[in-house]
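Please look over the chain below before reading on.

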Amino acid sequence: MAKDFYTAVEERRSIYVISKDHAVSNERIQEVVEFAVKHTPTSFNSQSGRVVVLFNQHHDKFWDLTKETLREIVPAKDFGPTEQKMEMFKAGSGTVLFFEDEEAVRALQEQFPTYSDKFPEYSLQSSGMLQFIVWTALEQEGLGATLQHYQPLIDEKVRNEWNIPASWKLHAQMPFGQPVAPAGDKEFQPLSERMKVFK
């Protein structure tokens with residue numbers, strides 16, 4: 001039985017230790033991501049969100065590519081923890097890459113010049129919603145995921161390897177797989193310090 005919305009939101013956590021062994025098919029994962037892309041709200045219905053879903057050898061290649069990119073800038077004596085982290089993400093079964101189409105953003109800026117400076121901000125808000133929906137939906141399918149940010153270091157290599165349009169700007173990477181270890185404990189600040197209610 002599918003979890004209710006509140007449970008899914010509560011149980012969506014950063015799951016770092018993941019594996020390739022799970023019962024969810026690639027086709028089902030694709031359906032979940034397609035649903036999120038289609039229904040995530042965007043300003044002026046710009047539909048500026050773009051994703052690339054990497055499975056199997058493409059997923060492995062992405063994290064190898066990221067590891068080697070980081071090897072070029074991280075001192076060799078300090079590279080061990082970085083390499084371990086890349087291998088941890090690679091141990092999963094797939095990665096979702098989140099982009100925003102800057103052509104769609106520019107089109108809105110030209111169409112509505114009064115709000116021109118706001119559309120990049122609106123685009124980021126939409127991207128955040130898309131990332132959250134995908135993350136929560138993957139959790140509902142029994143998968144663990146985290147959100148990573150290795151852009152812009154990897155942008156050019158990603159664009160060349162997977163023939164990404166030049167107008168697509170990379171914003172986040174989400175490795176996912178079968179959870180092997182649970183998320184750590186999480187502390188919450190008092191809600192009285194984070195919100196105000198006036199009745």
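Ser 19 has Gln 178 in S5 as its bridge partner. Strands here are DSSP E runs of at least two residues, helices are H or I runs of at least four, and both are numbered from the N terminus. This is a predicted model, in which local features need pLDDT of at least 70 and side-chain atom pairs count only at pLDDT 80 or more, while totals for chains, interfaces and linings use all residues. Residues are numbered from 1 along each chain as its sequence is written, and side-chain values use heavy atoms, with hydrogens and water left out.

Two strands are taken to pair if DSSP finds at least two bridges between them. Strand S4 (residues 144–145) also pairs with S5 in the antiparallel sense, over two bridges, and there Gly 144 has Gly 177 as its bridge partner. S3 and S5 run antiparallel and are joined by eight bridges; Phe 98 stands opposite Ala 172 of S5. How much of S5 is buried? Nine of its twelve residues are, so the strand is largely enclosed by the rest of the structure. Buried means under 20% relative accessible area, exposed means over 50%, and partly exposed lies in between (1.4 Å probe, protein chains only).

S5 is also among the elements that cover the buried residues of helix H2, together with S2, S3 and helix H6 (119–140). Those buried residues are Ile 29, Val 32, Val 33 and Ala 36. Seen down the axis of H2, they fall within an arc of 90 degrees, so they line one face of the helix. The arc is that of the directions from the helix axis to the C-beta atoms. An α-helix has 3.6 residues a turn, so residues three or four places apart point the same way. On the other side of H2, the exposed residues are Glu 27, Phe 35 and Lys 38. The length of H2 can be checked as well: at 1.5 Å a residue, its 14 residues (26–39) should span 20 Å, and the end C-alpha atoms are 20 Å apart, which agrees. The expected span is 1.5 Å times one less than the number of residues.

Next come the nonpolar cores, where a core is a set of buried Ala, Val, Leu, Ile, Met, Phe, Trp, Tyr and Cys residues joined through side-chain atoms within 4.5 Å. The largest has 18 residues, of which Phe 62, Leu 97, Phe 99 and Val 158 touch the most other members. At least two residues of this core come from each of strand S2 (49–55), H3, H4, strand S3 (94–101), helix H7 (155–162) and strand S5 (168–179). H3 gives the most, with four residues. A second, separate core has 16 residues, including Ala 36, Phe 55, Val 134 and Leu 143.

Leaving aside neighbours within four places in sequence, the residues in contact with Phe 99 include Val 51, Val 52, Val 158, Ile 164, Trp 168 and Leu 170.

Glu 139 is found in helix H6. Is Glu 139 buried or exposed? Glu 139 has a relative accessible area of 11% and is therefore buried. Residues up to four places away in sequence apart, Glu 139 touches Lys 3, Ala 8, Glu 11 and Arg 12.

Glu 72, in the loop between helix H3 (56–71) and helix H4 (79–90), is exposed because its relative accessible area is 60%. The side chain of Glu 72 makes a polar contact with that of Lys 157, at 3.2 Å. Such a contact is a pair of N or O atoms within 3.5 Å; within protein, one must be able to donate a hydrogen and the other to accept it, and residues adjacent in sequence count only if both atoms are side-chain atoms. Glu 72 and Gln 151 are 79 residues apart in sequence, and their C-alpha atoms are 15 Å apart in space.

Gln 151 is joined to Pro 152 by a cis peptide bond, with omega about 5 degrees. Pro 152 is placed in the loop between S4 and H7.

Two residues other than glycine have a positive phi. For Asn 45, phi is near 55 degrees; Asn 45 is in the loop between H2 and S2 and is exposed, with a relative accessible area of 54%. For Asn 56, phi is near 50 degrees. Asn 56 lies in helix H3 and, with a relative accessible area of 47%, is partly exposed.

Terms used
Contact = heavy atoms within 4.5 Å.
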